[in-house]
Amino acid sequence: MQSRFTIDGLANARDLGGLNRADGSRTPPGVFIRAETLDRVTPSGWERLSAYGVRTVIDLRRPHERTGEIPDDVQHVNVDLDGDDQAFWAPLEADGRWGTPLYYLPHLDELPHRLTEVLRAIAAADEGAVLFHCGAGWDRTGLVAAVLLRALDVTEDAAVADYLASFSNAEAMATLHQRSFEAEERREVLARFGHTAETAFRAAYQNLDLDEWFGRTDIDPATRLAVTTWRGYATASALR
């Protein structure tokens with residue numbers, strides 16, 4: 001069972017620990033936390049994150065989106081997962097796929113250097129838990145989470161459940177952040193492409209071949225080992 005994780009000022013945060021792996025074990029807690037924007041995290045929320053062991057925050061947003069303050073004792077790394085390649089993004093933004101798992105595999109295929117930079121930041125992070133986030137904590141965060149879960153061969157059902165939690169949290173996010181996170185719009189886009197939220201993520205996860213992806217990137221062995229062992233907190237599994 002995924003670890004409960006409640007932080008004052010976050011509505012879509014969760015520890016990626018406690019998820020079922022194909023070998024029957026579970027992912028270790030306190031290694032990777034996923035979340036939405038940190039703008040509303042209260043002082044008590046930051047105290048809770050610190051007590052939980054969070055020592056590094058990786059912001060996946062584009063430069064113009066970055067907001068909020070991070071405590072001085074937390075390593076803060078900005079990595080633009082999107083980039084500004086209009087040839088890639090224009091069609092996805094035009095038809096709405098940019099806010100769904102339908103862009104995950106094309107992104108990994110056409111912009112591998114973007115994820116490579118994120119994984120290097122994860123490998124180089126200070127000792128302690130790593131929190132990574134974007135605006136909604138939904139799909140840029142979801143893409144990184146999918147890669148990390150595949151790296152430990154988390155079961156398909158467990159990975160899908162983690163992704164779908166963002167839909168369950170959408171109303172609470174809207175209340176907290178005082179804006180819509182377009183859950184229904186996302187579903188409508190997916191329906192136009194013959195998918196539900198579940199089937200879209202499931203298809204992306206099924207076809208996420210990390211062995212193949214690692215093989216065509218310039219990721220160094222130390223970074224690959226950090227990813228496939230969750231920074232040394234888990235045993236590696238056979239990738240696919």
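Arg-150 lies over the face of Tyr-205, 4.1 Å from the ring centre. A charge counts as over a ring if NZ of Lys or CZ of Arg is within 6 Å of the ring centre and within 35 degrees of the ring normal. This is a predicted model: local features need pLDDT of at least 70, side-chain atom pairs count only at pLDDT 80 or more, and totals for chains, interfaces and linings use all residues. Residues are numbered from 1 along each chain as its sequence is written, and side-chain values use heavy atoms, leaving out hydrogens and water.

**Charge over rings and the aromatic cluster**
- Arg-186 places its charged end over the ring of Trp-138, 3.8 Å from the centre.
- Trp-138 and Tyr-205 belong to one aromatic cluster.

**Aromatic pairs**
- The structure holds 12 aromatic pairs. Rings of Phe, Tyr and Trp (its six-membered ring) pair if their centres lie within 6.5 Å; planes under 30 degrees apart are stacked, over 60 edge-to-face, and the rest tilted.
- Phe-5 and Tyr-52 pair edge-to-face, at 4.7 Å centre to centre and 70 degrees between the planes.
- That pair links distant parts of the chain, 47 residues apart: Phe-5 precedes strand E1 (14-15), and Tyr-52 is in helix H1 (residues 43-52). Helices (H or I, at least four residues) and strands (E, at least two) are DSSP runs numbered from the N terminus.
- Phe-5 is buried at 8% relative accessibility; Tyr-52 is partly exposed at 21%. Buried means under 20% relative accessible area, exposed over 50%, and partly exposed in between (1.4 Å probe, protein chains only).
- Phe-32 and Trp-230 are edge-to-face because their planes stand at 85 degrees, with ring centres 5.1 Å apart.
- This pair spans 198 residues, from Phe-32 in strand E2 (residues 32-35) to Trp-230 in the segment after helix H11 (221-228). Both residues are buried.

**Thr-141**
- Thr-141 sits in helix H5 (residues 140-151). Its relative accessible area is 0%, so Thr-141 is buried.
- Beyond neighbours within four places in sequence, Thr-141 contacts (heavy atoms within 4.5 Å) Arg-34, Ala-35, Leu-60, Phe-132, His-133 and Cys-134.
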